[in-house]
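Take a look at the structure first, and then we can walk through it together.

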Amino acid sequence: MGVAEKIKENVGNLTIKVRLIFQPAEEAHIGAERVITSGDLEGVDLLVGYHKHPNLPIGQISAGNGRRNAAVDKFVVKLTGGWWSC
């Protein structure tokens, strides 16, 4: 949201069109699909994604080409048993 605020403050100085897209269900496999099928990416030539990385010190970023920080995991926990005494 801080980036959005700075963009808005400087909108008169921009020489490019900026579109902010907030992905729903970001931690599930359906979020990216919803963004793609919504049509919000039509006409977009460059997409920059951001994912919070809590292990980095404040003021430091990690950047690189290609896919990063992407994973969708699914598992099932089945608990069976009877009476337990503590």
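Where does Leu20 lie? Leu20 sits in the loop between H1 and H2.

## About the model

This is a predicted model, in which local features need pLDDT of at least 70, side-chain atom pairs count only at pLDDT 80 or more, and totals for chains, interfaces and linings use all residues. Residues are numbered from 1 along each chain as its sequence is written, and side-chain values use heavy atoms, with hydrogens and water left out.

## Overall picture

The protein chain has two helices and zero strands; helices (H or I, at least four residues) and strands (E, at least two) are DSSP runs, numbered from the N terminus. Of the 86 residues in the protein chain, 3% are buried. Here buried means under 20% relative accessible area, exposed over 50%, and partly exposed in between (1.4 Å probe, protein chains only).

The accessible surface of the protein chain comes to about 8,800 Å², and carbon and sulfur atoms hold 56% of it. These areas come from the Shrake-Rupley method with a 1.4 Å probe; for residues, only the protein chains shown count as cover.

The structure holds one salt bridge, a side-chain nitrogen of Lys or Arg within 4 Å of a carboxyl oxygen of Asp or Glu. Its partners are the side chains of Glu9 and Lys6, at 3.4 Å, N to O. Both residues lie in helix H1 (residues 2-9), three residues apart, about one turn of the helix.

## The loop and its nonpolar patch

Phe22 is also found in the loop between H1 and helix H2 (30-38). Phe22 counts as exposed because its relative accessibility is 58%, while Leu20 is partly exposed at 42%.

Met1, Val11, Leu14, Ile16, Val18, Leu20 and Phe22 make a nonpolar surface patch of about 730 Å². Such patches take residues with over 30% relative accessible area and no salt bridge, joining like charges within 9 Å and nonpolar side chains (Val, Leu, Ile, Met, Phe, Trp, Tyr) within 5 Å.

## Across the chain

Val48, in the segment after H2, is exposed with a relative accessible area of 70%. Phe22 and Gly49 are 27 residues apart in sequence and 9.6 Å apart in space, C-alpha to C-alpha.
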